[in-house]
There are 2 protein chains.
Amino acid sequence: MRALSIDETGGPVLRDLPRPDANGEAIVRVRLAGICNTDLELTRGYMGFRGVPGHEFVGEVVESPDATLLGRRVVGEINAGCGGCDACAAGLARHCQRRSVLGILNRNGVHADCARLPAGNLHHVPDALSDEEAVFTEPLAAAYETLEMRAAAPGEQWLVLGDGKLGLLVAAALHADGAAPLLAGRHAEKLAIARRWGVQTVLAEALDGRRWDVVVECSGATNGLSRALALVRPRGTVVLKTTVAGPPDASLAQAVIDEITIVGSRCGVFPRALAAFPALAAAGVRVTDLITAEFSLSDGVAAYARAAEPGVLKVLLRP
Amino acid sequence: MRALSIDETGGPVLRDLPRPDANGEAIVRVRLAGICNTDLELTRGYMGFRGVPGHEFVGEVVESPDATLLGRRVVGEINAGCGGCDACAAGLARHCQRRSVLGILNRNGVHADCARLPAGNLHHVPDALSDEEAVFTEPLAAAYETLEMRAAAPGEQWLVLGDGKLGLLVAAALHADGAAPLLAGRHAEKLAIARRWGVQTVLAEALDGRRWDVVVECSGATNGLSRALALVRPRGTVVLKTTVAGPPDASLAQAVIDEITIVGSRCGVFPRALAAFPALAAAGVRVTDLITAEFSLSDGVAAYARAAEPGVLKVLLRP
């Protein structure tokens with residue numbers, strides 16, 4: 001099968017690899033996959049990953065120990081837990097210390113014709129959703145995880161920092177949930193997408209004051225945390241959605257003095273995201289507005305190059 | 001009156017200053033005051049403070065707009081809010097952006113014969129409490145603030161990092177509250193005090209694993225946060241009690257990936273601390289075990305020098 005591959009020299013490169021053996025798991029034929037910023041980071045050495053990247057997909061089950069899945073259109077949770085630890089027992093495979101992660105950690109991903117995942121990770125996609133919508137289930141789950149880690153209370157003022165894909169989806173999730181967020185970013189054309197959805201926006205440089213109840217940091221910038229701390233009110237909350245490799249650029253003394261709560265939030269679960277599509281549509285959100293381009297899997301190297309260009313949002317790969 | 005004073009050259013120096021005018025507030029004759037690490041930091045330039053330091057005290061009201069306070073033995077909340085903002089309206093004067101802070105910010109402190117505070121900041125000290133106990137009300141309030149910001153749930157495992165005064169008092173508060181904390185530190189003689197109170201202790205270098213539900217960082221060390229993040233379980237909580245001037249020494253990426261919550265916690269309110277003395281005593285905690293030495297106010301310069309020595313816990317000043 002065709003697959004993109006990351007090796008010591010970075011990559012990706014297009015390779016012809018054997019189709020994975022099921023080994024008790026399910027095999028999915030990929031219908032459509034997305035390129036995430038994490039995939040770009042992997043090509044730059046993040047996680048020391050070697051193998052097939054890609055974790056956003058919609059596909060069709062071609063082999064499965066659970067026969068009811070055969071032939072179904074599915075999306076898949078990316079964390080595969082050990083099944084035996086406290087985290088797994090609590091339904092938190094995504095926090096299992098021995099987990100593998102699709103296309104990120106000890107498990108080949110979906111930028112290929114086929115991929116393998118435990119059958120339990122797969123979720124049936126409702127017929128009403130197009131492939132182009134369903135491929136956003138994973139990043140949407142990450143967006144909704146913001147609300148899992150910090151529920152919105154009536155009357156609170158939420159600010160989302162960063163108008164990349166994640167910031168836009170977090171703002172969309174909050175908007176559909178009725179939290180009326182303000183999205184701050186640096187790119188007029190990206191903010192325009194959010195406004196089309198009915199989300200209020202502002203240019204980041206126009207922000208000031210320390211008045212926000214909750215600031216969701218999605219900018220991924222080195223100074224993202226200190227910027228969020230400068231905008232949140234005393235006793236407020238900063239939700240950190242993006243990882244930054246180095247230490248923050250500022251002391252956390254202010255978080256102590258002002259009793260700020262900083263909440264890390266990452267991957268979410270799929271059922272909430274899959275169930276959210278009607279509410280998103282009703283709120284005016286079309287996730288497909290985030291699609292910048294689609295490439296054939298055979299043109300995957302060019303697709304990665306395109307995804308890395310400034311101003312580009314979602315680039316899709318179709319096997 | 002006698003007063004210690006911090007000026008451009010550091011200090012403190014002993015000065016003869018006029019007794020403060022009441023100006024609508026209360027005047028307290030200081031009976032006993034404590035030296036806090038913050039006071040030592042002020043002599044090294046923290047907050048750019050100039051004036052009389054000191055915020056831990058028990059005293060007697062000698063002037064007050066509220067006549068019922070006259071002659072009473074009191075302790076005093078250290079934050080004086082503007083009275084007109086949202087934080088003050090919510091009873092959070094300690095988060096008022098225009099507040100003054102006793103001996104720390106725009107308000108002279110209690111390392112003097114007399115000091116001024118709003119009458120509303122003062123709390124009557126029960127007769128059962130000695131001055132030597134009551135002078136710990138402020139640091140105890142800060143310790144109990146840990147539980148205000150993050151209540152302990154049954155069965156949770158709490159770890160306190162740092163065996164300084166604050167770490168010992170946080171461990172004492174958790175112990176009296178039934179949370180059965182483990183206190184980790186580097187000083188056998190300080191850990192011995194906690195054990196005398198019935199608190200379990202461990203040498204910090206013996207800690208490992210990422211299994212604690214809540215880690216309370218009281219070490220004040222530059223690597224305190226990264227150490228706490230290395231010990232807390234995924235989805236667990238780190239409570240930051242101590243401020244560190246510089247940026248953390250590690251990325252917060254792990255806090256995002258493992259969905260850690262980091263909670264800043266600082267000053268607390270006095271009623272809970274005052275009400276806690278019987279529970280502390282019943283649990284075996286004697287806060288007076290923390291007293292290393294007592295000096296006359298006239299020997300305040302020597303008292304500060306002593307307080308800065310390694311291994312020293314609380315140094316008291318008696319006017």
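Author: Two strands count as paired if DSSP finds at least two bridges between them, and strands themselves are DSSP runs (E, at least two residues), just as helices are runs of H or I of at least four residues, both numbered from the N terminus. This is a predicted model, in which local features need pLDDT of at least 70 and side-chain atom pairs count only at pLDDT 80 or more, while totals for chains, interfaces and linings use all residues. Residues are numbered from 1 along each chain as its sequence is written, chains are lettered from A and ligands numbered from 1 in the order in which they are written, and side-chain values use heavy atoms, with hydrogens and water left out.

Reader: With that rule of pairing, what is the order of the open sheet of 12 strands?

Author: The order is β12(A)-β11(A)-β10(A)-β13(A)-β14(A)-β15(A)-β15(B)-β14(B)-β13(B)-β10(B)-β11(B)-β12(B), and the pairing is mixed. At the edges stand β12 (200-203) of chain A and β12 of chain B, each with a single partner strand, so one side of each is left without a neighbour in the sheet. From one strand to the next, the twist averages 20°, where axes are lines fitted to C-alpha atoms (for helices over the stretch in contact) and angles run from 0 to 180 degrees between N-to-C directions.

Reader: In which sense do β10(B) and β11(B) pair?

Author: Strand β10 (residues 158-161) of chain B pairs with β11(B) in the parallel sense, over 3 bridges, and L159(B) has L182(B) as its bridge partner in β11(B). Helix α7 (residues 224-231) of chain B packs on the sheet, where it touches β10, β13 (212-217), β14 (232-240) and β15 (261-264) of chain B, its direction making about 150° with that of β14(B); contact here means heavy atoms within 4.5 Å.

Reader: How should I read the faces of a helix, and which residues of α6(B) are buried?

Author: An α-helix has 3.6 residues a turn, so residues three or four places apart point the same way. In helix α6 (residues 188-196) of chain B, the buried residues (under 20% relative accessible area, with exposed over 50% and partly exposed in between, for a 1.4 Å probe and protein chains only) are K190(B), L191(B), I193(B) and A194(B). They cover an arc of only 145° around the axis, which puts them on the same side of α6(B), the arc being that of the directions from the helix axis to the C-beta atoms. On the other side of α6(B), A188(B) and R196(B) are exposed.

Reader: Against which elements do the buried residues of α6(B) pack?

Author: They pack against α5 (165-176), β11 (182-185) and β12 (200-203) of chain B. Just after α6(B), G198(B) takes a positive phi of about 95°.
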